[in-house]
Every structure is written in structure tokens, then in C-alpha cells.
Amino acid sequence: MKKLLLMIPFLSACVNAPISQTPPVIEEITRTQPPKRGIKPIIVLNHNRQPLLSYNNSYALIIGQSKYSNGWSSLATVPSEVTEVETVLQEQGFVVEKHLNLNAVDLKASYTNFIKNYGYERENRLLFFFSGHGYSRKNGKKGYIVPTDAPNPKIKGKETAFLQNAISMTQINAWAKEIEALHTLFLFDSCFSGTVFQNKAISDAPPYITEAIKNPARQFITAGSADEMVPANSVFTPAFVNALRYKKGDLNGDGYVTGVELGFYLANEVPKHEPDQHPQHGKIKGYEYSLGDFVFVLDNEKPTALPPPPMISTKSPVLLPQFRQDAPEIMRLKREIALAKQETADLRHEKEQTDLAKIALKNEQKEILKLKKAKAVADKKKAEMRKKLEAAKKPPLTGMRYTDNDNGTVTDNKSGLIWMKNADCFRRVNWKKGMELVANLSSESSKHCELHDDSQKGDWRLPTKNEWEAMINATYSFPILSNAAGTEQWTEGDAFTRVTPSWYWSSTMDKNSAWSMFLGDGVIYLDTKLNAHYIWPVKEIK
């Protein structure tokens with residue numbers, strides 16, 4: 001048997017006992033590094049045949065693990081299976097990056113580099129496909145995908161080494177949330193814990209294409225559920241290929257296959273051939289990711305814009321038959337009904353957005369009133385704040401790493417620089433916009449940042465690359481900062497607030513690029529200025 005897929009809610013390991021040890025297998029890693037430009041956009045039309053959504057670029061990462069060492073069985077059919085996946089995705093307009101037989105270091109790097117290269121442009125469409133061994137622990141609460149060199153944890157004394165090398169589903173879930181691309185789809189033909197599905201929401205039925213499709217989506221489809229043996233000769237992967245190549249995944253006949261629609265198709269099709277195998281599908285829970293949906297366009301030149309009547313049922317394990325071509329009058333009425341339902345869905349979505357806008361306006365009005373009341377109190381304390389500011393102009397004689405100045409700023413006693421206390425007062429922006437925001441920053445213009453240090457326009461700037469390197473503390477990670485005393489890992493409010501273990505811009509540049517700092521592990525990266533990162537203002541002591 002190939003793998004055991006571990007899904008909702010508790011799952012077990014897919015390997016009951018280790019096989020005999022074999023010498024490590026060295027396999028050349030196949031890497032395809034296609035150009036980033038020149039890719040034909042993918043257009044999705046609404047029911048009026050007007051452009052609704054455009055994917056400027058489509059990228060796919062395919063990983064096939066077949067030649068294992070350290071106690072795992074080999075999976076001989078994986079290379080040919082992932083080659084079929086590569087071909088059908090290229091037919092769908094994807095630029096494909098394929099890797100075979102990755103060790104622990106290369107497996108993690110393949111994900112992080114792919115996300116770094118393609119994951120931060122909103123108009124991108126990303127697809128991840130993994131085929132290989134998986135494993136779960138803690139009664140299925142923790143799941144992992146397995147590098148080729150990771151030891152089998154069932155072998156006595158090898159569990160620690162396995163945990164140091166395998167990639168957890170918690171990490172994959174975190175990567176999914178880090179991605180800025182509009183739509184991302186993960187497919188796993190492997191056994192692993194259902195950890196990633198403990199934060200998911202499944203639609204009730206395959207949806208039609210509506211305005212809601214333009215919202216973000218993070219979707220997952222797996223080859224089976226808990227405690228199921230997945231055969232070595234995969235059924236899941238060929239079914240996925242046929243869903244796109246022969247349009248079998250187009251359940252409502254509208255010329256598109258959405259991520260939800262694909263999940264329903266595989267959940268119904270695979271058990272026909274493997275009755276004990278039940279694919280699972282879902283989205284990460286949260287309103288931000290609940291409305292959107294991944295889209296495959298089956299005919300990129302002339303996609304069918306008007307869908308036929310919806311499916312009668314989504315609960316049956318058998319797919320419904322194709323709709324017959326009835327008399328012209330019946331077909332006309334069906335089209336009108338389908339159009340009316342789609343327009344109703346659009347109106348419902350518009351109403352939801354309007355209701356959300358009203359709530360946001362009401363909250364903003366309350367916040368304005370609160371700030372007005374607070375201003376009177378702040379004016380009375382202005383003289384006291386000025387004295388504290390004067391005291392902060394020189395680093396205090398203290399053993400503390402950071403000193404909170406009680407005015408929305410924090411002094412770094414090591415470098416003598418003053419940082420804004422709120423590390424995430426601004427949304428993610430490109431480098432040019434970040435430079436403009438910081439240059440115009442002042443105490444008066446940034447009350448929403450809780451900044452009341454009497455600073456003026458021109459006082460603040462972005463930190464340099466060297467200043468970032470002096471700021472971090474490599475003893476810690478995610479984020480790579482210490483607390484105010486410099487003795488422990490940073491926690492919220494000690495001494496900064498809202499620190500995000502993500503990418504932050506520096507002011508150090510090189511033509512069309514600028515250096516950025518990853519506050520997760522301290523990586524410094526020369527990045528294109530068009531990417532969107534956080535900004536954290538800094539100024540000198542006067």
C-alpha cells in the first residue's frame with residue numbers, strides 16, 4: 001500500500017511497523033525554473049460574459065517522493081503520476097516547478113523559495129501538489145509530510161530525528177496564511193494528520209461563478225480520510241488529471257472547475273474505484289478566506305458563461321448524470337432560472353458588503369468620539385510628555401535592552417535609536433509608498449498609532465539594513481526579538497506591540513531593489529521594490 005491519509009478529526013500513522021533499513025538512495029533533484037514573465041493571463045467571465053477575474057500569472061509546485069531511505073518503502077509509481085499532473089497543469093496555463101526525491105533541507109527550501117518567488121503578488125494563482133509518504137502522531141493531532149532522508153519514527157530511537165526533519169501540517173497551514181496571492185490550492189496524495197483541516201470550512205454545494213470569486217481563498221484537497229490505506233497505484237492523482245483534461249470536474253457545466261467543485265468531484269469519483277478511500281476538501285476557517293474559490297478555466301478562449309441548472313444533491317457518493325438536452329422551451333426556462341439564482345447570489349453578496357460597511361462606519365464614528373475625548377486629557381499631559389521626551393534623548397544608564405518612553409516610542413539602549421512602539425501601524429505597502437508614509441509621519445498625523453511624542457514631519461525614517469541587523473537577537477525566533485530586559489523571547493507589549501514575524505522594509509536600496517528583514521528568523525533579502533512588506537519607523541535621539 002502506498003500511504004495512509006489522515007484526516008478529520010483524529011488520525012493515526014500510516015506505517016504500522018518499520019521496514020528493514022536500506023542504504024540511502026541518491027536521486028538527482030529535478031528543478032524547472034521557468035521565466036516569470038510572458039505568461040498569458042487567465043480570464044474568468046461572469047454570466048454576462050464580462051471579465052470578472054483575471055489571473056495574471058499561474059504557478060504550480062509539484063513534489064514527488066518515491067525513493068526513500070531510513071526505513072520507508074519506495075513508491076515506484078509516483079514519478080509517472082506527477083509527470084501527468086505536470087502535463088495537465090501546463091495545459092491549464094501553469095508555469096510548473098517540479099522536484100523529485102527531496103531531502104529535508106531541499107523539501108523545506110522548495111516551499112519557502114516558491115512562496116518567496118511567487119506568493120506575494122495578489123494577481124497570482126498558486127497550486128501545490130505533493131505525492132509521497134506522510135505520518136501522524138498524538139492520535140492524529142499532529143501530521144507531517146516526509147522528506148526522503150527522514151528516519152522512520154517507528155524505528156526505536158528515531159522519533160526525535162524524524163521530528164527534526166519532517167515538515168508539519170501546522171507549518172504548511174502557516175505558509176498558506178502567509179501567502180498574499182489571491183487563490184491558493186494545496187493537493188496531497190499522501191497520508192498525514194488532519195491538523196490542517198481543524199481550521200477549515202466546507203461549502204454545502206459546488207458554487208457557480210459569482211462576484212464572491214474575487215475574494216481570497218486557501219483550499220486543501222487530500223486523497224483520503226482517517227485510518228484509510230491509499231493504494232500504491234494512485235486513484236486520486238489520475239482522477240485529478242481527468243477532472244481537468246476531460247472536463248469531468250465541471251459538475252454544473254459552466255466551463256469552469258472551481259476548487260470546491262474539484263473537491264466534490266474527487267470525493268465522489270475516487271470511492272467508485274477504491275470504496276474504502278474518501279478524499280476530503282475544505283478551506284481555512286475565517287471570513288477572509290471563506291468567500292473566494294480557486295478557478296480552472298476549461299476553455300480559455302471561449303468559456304461557457306451561463307451555467308445549466310444546479311445539481312440536485314451533493315450528499316450522494318455517486319456523481320449526478322449529465323443533464324439531457326430537453327425541449328427548447330424547457331431549456332430557456334432553465335437558463336432564466338439559473339440566471340435569476342445567480343443574480344440573487346450577487347445581490348446577497350452586495351447586501352453583505354453594505355452591511356459590513358455600515359458596521360465599519362459606526363465603529364469609526366465611535367472611535368472618532370473616543371479620540372476627541374482623549375485629546376482633552378492628552379493636552380493636559382503635554383508638558384509632562386515633553387519632559388519625558390527630553391529624558392529619553394539620551395540612552396538611560398540601565399541594564400534594560402529597551403525603554404518604553406510612554407509616548408508611543410521605545411528607545412533601543414544598545415543602538416541609541418528610537419523605534420515606534422506599534423510595529424504594525426500601517427498596512428503592507430511597496431517600498432516607495434513605505435518611504436513616503438514614514439517621511440510624512442508626525443505625532444499630529446499619527447494619533448491612530450498612539451504616537452504622542454511631539455515628533456514633526458521629517459523626524460522619522462525607515463531603518464537601514466545595518467540597523468535591522470543590530471536590532472535582532474538571534475537567540476530567539478518568530479519573532480527574532482528579545483523582551484525589554486533582553487533576557488527572554490519578546491511577548492506582546494514587552495516593550496513593543498503588534499510585532500509580526502514577517503518581512504519589513506529597510507531604507508537600504510540597490511537600483512530597483514531594496515533590502516528587507518524577515519523577523520521570523522532574521523533572513524536579510526534583496527527584494528523588488530514592488531512587493532508589499534510591513535514598515536517600522538525609526539528616528540535618532542536629538
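This report looks at the nonpolar cores and some salt bridges of the structure above.

## About the model

The model is predicted, so local features need pLDDT of at least 70 and side-chain atom pairs pLDDT 80 or more, while totals for chains, interfaces and linings use all residues. Residues are numbered from 1 along each chain as its sequence is written, and side-chain values use heavy atoms, leaving out hydrogens and water.

## Two cores

Let's start inside. A nonpolar core is a set of buried Ala, Val, Leu, Ile, Met, Phe, Trp, Tyr and Cys residues joined through side-chain atoms within 4.5 Å. Buried means under 20% relative accessible area, exposed over 50%, and partly exposed in between (1.4 Å probe, protein chains only).

The largest core has 43 residues, and L89, L127, L187, F240, L262 and F296 touch the most other members. There's also a second, separate core of 36 residues, with C449, W490, L519 and Y534 among them.

## Salt bridges

You'll find 17 salt bridges here, each a side-chain nitrogen of Lys or Arg within 4 Å of a carboxyl oxygen of Asp or Glu. In one of them, E180 pairs with R428, with the closest N and O atoms 2.1 Å apart. These two partners sit 248 residues apart in the chain. E180 is partly exposed at 31% relative accessible area, but R428 counts as buried at 18%.

D453 and K539 meet in another salt bridge (2.6 Å, N to O). This pair ties together parts that are 86 residues apart in sequence. Both ends are tucked away: D453 is buried at 2% relative accessible area, and K539 is buried at 8%.

Notes
Helix = DSSP H or I, 4+ residues; strand = E, 2+ residues; numbered from the N terminus.
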